Amino acid sequence: MKKFSFTILVTIVLVLSWMGFIFNMSSENGEESSNTSGQVIEHVISEVPRFKDEPEEVKENIISKFQFIVRKGAHFTAYMILGILVSLLILQIKNINKRYLLSWKICTLYALSDEFHQLFVPGRSGQIKDVLIDSSGSIVGILLVIVFMKVFEHTRVWIW
């Protein structure tokens with residue numbers, strides 16, 4: 001197998017694995033999902049000296065306020081990574097025009113399908129604002145690839 005073909009295969013596996021990770025996280029019911037983000041925040045605030053001696057009610061209030069930010073930040077980050085991976089895959093395929101636009105469309109379609117999937121998960125709901133957040137994350141990931149490609153376009157180290 002040629003190195004180029006092997007690289008494409010590895011990139012396909014990475015894209016599909018990441019999509020599987022996103023699907024798995026979306027399959028958590030509402031309570032599990034809230035617990036996951038709540039545990040992340042709880043761990044962070046337990047490390048902040050100011051909050052160590054606060055009553056549990058205050059800590060729970062802080063957790064609930066930051067939970068939205070953490071959850072939406074996770075959406076953004078997951079799709080930013082997907083945008084990077086899909087862009088790297090599409091860049092390897094010859095004879096495709098508007099590669100970055102195609103990468104964004106793939107990520108956005110996956111975000112739409114993910115939100116549709118969540119309509120069937122107990123305690124979850126599909127939301128257009130999440131598709132917008134996901135799509136924005138993928139745009140940032142794609143832009144990072146564009147910048148990286150521009151910075152390194154004159155080097156011979158590039159594998160694609």
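1. A residue is called buried when its relative accessible area is under 20%, exposed when it is over 50%, and partly exposed in between, with a 1.4 Å probe and protein chains only. Helices (H or I, at least four residues) and strands (E, at least two) are DSSP runs, numbered from the N terminus. In helix 6, the buried residues are Asp-130, Val-131, Asp-134, Ser-135, Gly-137, Ser-138, Gly-141, Ile-142 and Val-145.

2. The model under review is predicted: local features need pLDDT of at least 70 and side-chain atom pairs count only at pLDDT 80 or more, whereas totals for chains, interfaces and linings use all residues. Residues are numbered from 1 along each chain as its sequence is written, and side-chain values use heavy atoms, with hydrogens and water left out.

3. Helix 6 contains 25 residues and spans 36 Å from its first C-alpha to its last, close to the expected 36 Å; the expected span is 1.5 Å times one less than the number of residues. Its buried residues pack against helix 4 and helix 5. Ile-142, which belongs to helix 6, has a relative accessible area of 5% and is therefore buried. Contact here means heavy atoms within 4.5 Å. Setting aside residues up to four places away in sequence, Ile-142 touches Gly-83, Ser-87, Tyr-100, Ser-103 and Trp-104. Ile-142 and Ser-87 are 55 residues apart in sequence, yet their C-alpha atoms are 6.1 Å apart.

4. Which residues have the most contacts inside the largest nonpolar core? A nonpolar core is a set of buried Ala, Val, Leu, Ile, Met, Phe, Trp, Tyr and Cys residues joined through side-chain atoms within 4.5 Å. The largest such core has 15 residues, and those with the most contacts inside it are Val-15, Met-19, Ile-22, Tyr-79, Leu-82, Val-86 and Tyr-110. Helix 1 (3-26), helix 4 (56-91) and helix 5 (99-118) each supply at least two residues of this core, with helix 4 giving the most, seven residues. Apart from this core lies another, of five residues, among them Ile-41, Phe-51, Ile-62 and Ile-63. In soluble globular proteins, nonpolar side chains tend to be buried together.

5. Aromatic pairs deserve a separate point. Rings of Phe, Tyr and Trp (its six-membered ring) pair if their centres lie within 6.5 Å; planes under 30 degrees apart count as stacked, over 60 as edge-to-face and the rest as tilted. By this rule there are three aromatic pairs. Tyr-79 and Tyr-110 form a tilted pair, 6.4 Å centre to centre with 40° between the planes. This pair links distant parts of the chain, with Tyr-79 in helix 4 and Tyr-110 in helix 5, 31 residues apart. Both Tyr-79 and Tyr-110 are buried. Beyond its neighbours within four places in sequence, Tyr-79 is in contact with Ile-22, Cys-107, Tyr-110, Ala-111, Asp-114, Asp-134, Gly-137 and Ser-138.

6. How many salt bridges does the structure hold? A salt bridge is a side-chain nitrogen of Lys or Arg within 4 Å of a carboxyl oxygen of Asp or Glu, and the structure holds one. Lys-72 forms a salt bridge with Asp-130, the closest N and O atoms being 2.6 Å apart. The partners are 58 residues apart, Lys-72 in helix 4 and Asp-130 in helix 6 (residues 128-152). Lys-72 is buried at a relative accessible area of 14%, and Asp-130 is buried at 3%.

7. For charge, Lys and Arg count as positive and Asp and Glu as negative; His and the chain ends are not counted. Asp-114, in helix 5, is buried yet has no salt bridge, and the nearest side chain of opposite charge, Arg-124, is 6.3 Å away. Glu-28, in the loop between helix 1 and helix 2 (30-46), is likewise buried without a salt bridge, and its nearest side chain of opposite charge, Arg-124, is 5.2 Å away. Not counting residues up to four places away in sequence, Asp-114 touches Ile-22, Ser-26 and Tyr-79.

8. The final point concerns backbone geometry. Most residues other than glycine have a negative phi. Lys-98 has a positive phi of about 50° although it is not a glycine. Lys-98 is located in the loop between helix 4 and helix 5, and Lys-98 is exposed, with a relative accessible area of 65%.
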